[in-house]
Amino acid sequence: MEGEDHLKNTGMTRPLDTLGRIVIPKELRTSMGIQAGESLEFYLDVETGLLSMRKYIGVCCHLCYSVQDLSYFRDSFLCKKCINDLKGNIGVSQIPVPVVKEPYKEKRAHRSPSQHLVEKLRRLMREHPAAKQGEYAEWLGVSQGRISQLKKLL
């Protein structure tokens, strides 16, 4: 359907009660910033039968809530003063760039692949048949649980 490529199916369903009411799931209310008692706007596409809604913002500036000298920009109303402030960087502060930690997977990249570990374990088991699982784990630098997994691959 045309124009619906930006819509996402949440997989959530709710029944309509006998008075025509429906509960909006908490996850959706939270993600949309909808609080109890706030107004919602409804939209209907008769051709597709699609009913949608969003939090009612009203006809006021999205930044300062003024109702004077409004312009419509990217689905929001902005007043002339806020537009001029944005143009002149008045009240605009730089957001510090967060420090990105090294991904967990990269920290583990030095580990041997499973097949390599299986071969090492097989060799250790031949050389030390009476050794305990904890000893094999210590020698290979892995956990005892990992030794159990490797034994299953033998």
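This is a predicted model: local features need pLDDT of at least 70, side-chain atom pairs count only at pLDDT 80 or more; totals for chains, interfaces and linings use all residues.
Numbering starts from 1 along each chain as its sequence is written. Local features need pLDDT of at least 70 and side-chain atom pairs count only at pLDDT 80 or more, while totals for chains, interfaces and linings use all residues; side-chain values use heavy atoms, with hydrogens and water left out.

The chain has six helices and four strands (DSSP runs, H or I of at least four residues for helices and E of at least two for strands, numbered from the N terminus). Along the sequence they come in the order α-β-β-β-β-α-α-α-α-α. Of the 154 residues, 15% are buried (under 20% relative accessible area, 1.4 Å probe, protein chains only). Contacts (heavy atoms within 4.5 Å) between residues at least 6 apart in sequence join residues at least 24 apart in 18% of cases.

Turning to the helix pair, α5 (residues 133–140) packs on α6 (residues 144–153) at about 100 degrees, with the axes 8 Å apart (lines fitted to C-alpha atoms over the stretch in contact, angles running from 0 to 180 degrees between N-to-C directions). That makes the two helices roughly perpendicular (65 to 115 degrees). On the α5 side sit Gln-133, Gly-134, Tyr-136, Ala-137 and Leu-140, which meet Gln-144, Ile-147, Ser-148 and Lys-151 of α6.

As for the strands, Ser-76 lies in β4 (residues 76–79). Ser-76 is buried, at 18% relative accessible area. Leaving aside residues up to four places away in sequence, Ser-76 touches His-62 and Ser-71.

How values were computed. Buried means under 20% relative accessible area, exposed over 50%, partly exposed in between (1.4 Å probe, protein chains only). Angles under 35 degrees count as roughly parallel, over 145 as roughly antiparallel, 65 to 115 as roughly perpendicular and the rest as oblique.
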